[in-house]
Amino acid sequence: MEILKMSVKLMSIVFDLSLAPVDKLTLLVLADVADESGLCWPSQKYIARRATISQRSVQRVLNRLSGAGLIRVEKRTRADGSQTSNYYHLDLGRTK
């Protein structure tokens, strides 16, 4: 996976959010690899390794973050139809 320039601005916003520790850490992992527009595409395995949680926990956290409106998940597939890492759009500008 190509690592993008981290977004310090997004990471700063995440630090100020009132979230459960595992949710905040997972969102920080996403912000760390996001570009300035909030787009990233790390694998769930990568997120799990960086956040030191299971891949199943990553799935639960991503669902919570999506439900809270903090991220949008865009499914991606390869040309042969197989699944690849999703796009994650951090929507942190909407936070209060």
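Let's start with Asp91, which sits in the segment after β3 (strands here are DSSP E runs of at least two residues and helices are H or I runs of at least four, numbered from the N terminus). Asp91 is buried, at 9% relative accessible area (buried is under 20%, exposed over 50%, partly exposed in between, with a 1.4 Å probe and protein chains only). Its side chain makes a polar contact with the Arg72 side chain at 2.9 Å; that term takes N or O atoms within 3.5 Å, one able to donate a hydrogen and the other to accept it within protein, and residues adjacent in sequence count only if both atoms are side-chain atoms.

Setting aside neighbours within four places in sequence, Asp91 touches Gly69, Leu70, Ile71 and Arg72 (contact is heavy atoms within 4.5 Å).

## The sheet

Three strands make an open, antiparallel sheet in the order β1-β3-β2 (pairing needs at least two DSSP bridges). β1 (39-40) and β2 (71-77) are at the edges with a single partner strand each, so one side of each has no neighbour in the sheet. Between β2 and β3 (residues 83-90) there are 6 bridges, and Arg76 is opposite Thr84 in β3.

## Helix α3

Within α3 (residues 44-51), the buried residues are Tyr46, Ile47, Ala48 and Ala51. Their cover includes α2, α4 (55-67) and β3. After α3 comes Thr52, with a positive phi near 55°.

## About the model

This is a predicted model, where local features need pLDDT of at least 70, side-chain atom pairs need 80 or more, and totals for chains, interfaces and linings use all residues. Residues are numbered from 1 along each chain as its sequence is written, and side-chain values use heavy atoms, leaving out hydrogens and water.
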